[in-house]
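Here is a short briefing to read alongside the model.

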Amino acid sequence: MINLLVACDDWDVNLGEYLGDTFYKLCDSCDLFNNNFCTDLIDTESYLKYPIDSKINSYNSSPFLFIALAHGNDDAIFIKDDEIINEANSALFKDSLFYAISCYTAKSLGDVLIKEGCKTYIGYNDAVIISLLHEDIFRDCQTHGIERFINNNLSSYNSFSQMITKYNTEIDNLYPTDAVTAGYLLANREALEIKGDQNCLLVDFII
Amino acid sequence: MRYSIPKIVVIHDDLTETDALLVTLRAEFKDENVVLYKKSKDGLEYVINNISQKTIVILDLNFKAGEPSGVDVFEEIRKRTALMYIIIMTASNLGDIENTDLIKFINNDALAFFYSTADTKAIVGLVKKSIYQMEVRVDSVIEEWIMTKPVEEREKPFIQTQHGDKYSLNDILKGIREQSEIGKEIEKNILKLAIDLLMREKESLND
């Protein structure tokens, strides 16, 4: 059994629908509600009722996977403009794999998490732009790393590499007809970072 | 010439259709691509109403009282687009031009100055230089690509930032012309894309 926690700001006024659809896509592609996973969702409706800190504390210091489908800045992840993850509760992510599609968190929060014992962090160090004409392509690229990690038993580093490869494939498909969108895919790819343990595997999170 | 010929708009109150400059320009670039406006107001109106057309403006500095001056015309064009090439034609010595006007020309990318008495071959050379630069400038290429899209497609939201700012292709076009942040960002992305494709050997320099 693997504990998996997803924070999803699905009611965000700008990107709520996109983030919600990303969660559903991950549920399908990674079969997150099968017997191998104990999956919890903290969404916009529930984040105050079920604070993230108490949810993580219920894992009793066991390793877990965390996926952030929410806005971010250098230091924090947000739901509904409230910081739900920042330096103050970063120690809760000890022994986790932290995967964020949020903007900017690789600039500072990623380092803080690793310093506090997070196993591996994958996220972005700049703004992440979404193409409204090619949402699926951008979503597929953003989720590719965690999908490979969960479905293909790849190491954290190899999953990250597969994400880069996925971005390159989509850039190459797109640029002959739409170099502007391909340019934004490249910008998103260039913002990707991996920190911490590059060799961890999904089995490391079995409790 | 391999490249497409833009419109050459001569705005000059002392020239006539039979003047050497007009005859030479028409011989070199074809009749239909060269227009003369003797009134600066009419020339400015034509340019503004055809802002999406690739245009090189040959602009006199001094006009009769009651007509916008060359500086005024230059500024009005530059308010709307950085992508039009403007060649300033003057009978005055450079030293006789107001410093403030010179600063406006220099800081807002006037392509060149030439004296009214200059050899017409030299002027043709300047126009050819402008045409070449239009073909290789990233912002001009992006503008041209956007203009190939149907009007209704250009009005649809195209990209979205994390803050919820949505930009259509028309917004991007405006940004390119006005050299706003979004315009500059897209130019940078395209240049980085070109380098990335070369580095990954998806394209080569002799293609």
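**Briefing: salt bridges, interface and core**

B:R26 counts as buried because its relative accessibility is 17%, where buried means under 20% relative accessible area, exposed means over 50% and partly exposed lies in between (1.4 Å probe, protein chains only). This is a predicted model, in which local features need pLDDT of at least 70 and side-chain atom pairs count only at pLDDT 80 or more, while totals for chains, interfaces and linings use all residues. Side-chain values use heavy atoms, with hydrogens and water left out, residues are numbered from 1 along each chain as its sequence is written, and chains are lettered from A and ligands numbered from 1 in the order in which they are written.

**Salt bridges within a chain**

- Over all chains, the structure holds 23 salt bridges, a salt bridge being a side-chain nitrogen of Lys or Arg within 4 Å of a carboxyl oxygen of Asp or Glu.
- The buried B:R26 has B:E17 as a salt-bridge partner, at 2.5 Å from N to O.
- B:E17 is partly exposed, because its relative accessible area is 42%.
- In chain B, the side chains of B:K104 and B:E75 also form a salt bridge, at 3.6 Å from N to O.
- That pair joins distant parts of the chain, 29 residues apart, with B:K104 in helix 4 (residues 99-107) of chain B and B:E75 in helix 3 (residues 70-80) of chain B; helices (H or I, at least four residues) and strands (E, at least two) are DSSP runs, numbered from the N terminus.
- B:K104 is partly exposed at a relative accessible area of 27%, and B:E75 is partly exposed at 31%.
- In chain A, A:K195 pairs with A:D111 in a salt bridge whose closest N and O atoms are 3.1 Å apart.
- Here too the pair links distant parts of the chain: A:K195 is in strand 9 (residues 192-196) of chain A and A:D111 is in helix 3 (residues 109-115) of chain A, 84 residues apart.
- A:K195 is buried, with a relative accessible area of 11%, whereas A:D111 is partly exposed at 40%.

**Where chain A meets chain B**

- The contact (heavy atoms within 4.5 Å) takes 28 residues from chain A and 24 residues from chain B.
- Chain A and chain B bury about 2300 Å² between them, with 59% of it on carbon and sulfur atoms; buried area is the accessible area (1.4 Å probe) that two parts lose on being put together, summed over both.
- On the chain A side, A:L132, A:V180 and A:Y184 lose the most area to chain B, and together they make up 27% of what that side buries.
- Between the two chains there are 3 salt bridges.
- One bridge between the chains pairs the side chains of A:D172 and B:R200 at 2.8 Å, N to O.
- A:D172 and B:R200 belong to a salt-bridge network with A:R189 and B:D196.
- There are also 8 residue pairs in polar contact between chain A and chain B, both residues at pLDDT 80 or more; a polar contact is a pair of N or O atoms within 3.5 Å, and within protein one must be able to donate a hydrogen and the other to accept it, while residues adjacent in sequence count only if both atoms are side-chain atoms.
- Strand 8 (130-131), helix 5 (156-174) and helix 6 (179-190) of chain A are the elements that give two or more residues to the side of chain A that touches chain B.
- Helix 6 of chain A gives the most to that side, with 10 residues.

**Buried interior**

- The largest nonpolar core has 64 residues, and those with the most contacts inside it are A:L65, A:L69, A:I150 and B:I186; a nonpolar core is a set of buried Ala, Val, Leu, Ile, Met, Phe, Trp, Tyr and Cys residues joined through side-chain atoms within 4.5 Å.
- Leaving aside neighbours within four places in sequence, A:I150 is in contact with A:L4, A:C30, A:L32, A:F37, A:L65 and A:L202.
- B:S130 is in helix 5 (residues 120-136) of chain B and counts as buried at 0% relative accessibility.

**Positive phi in chain A**

- A:S61 is not a glycine, yet has a positive phi of about 65 degrees.
- A:S61 sits in the loop between helix 2 (52-57) and strand 3 (64-69) of chain A, and is exposed at a relative accessible area of 69%.
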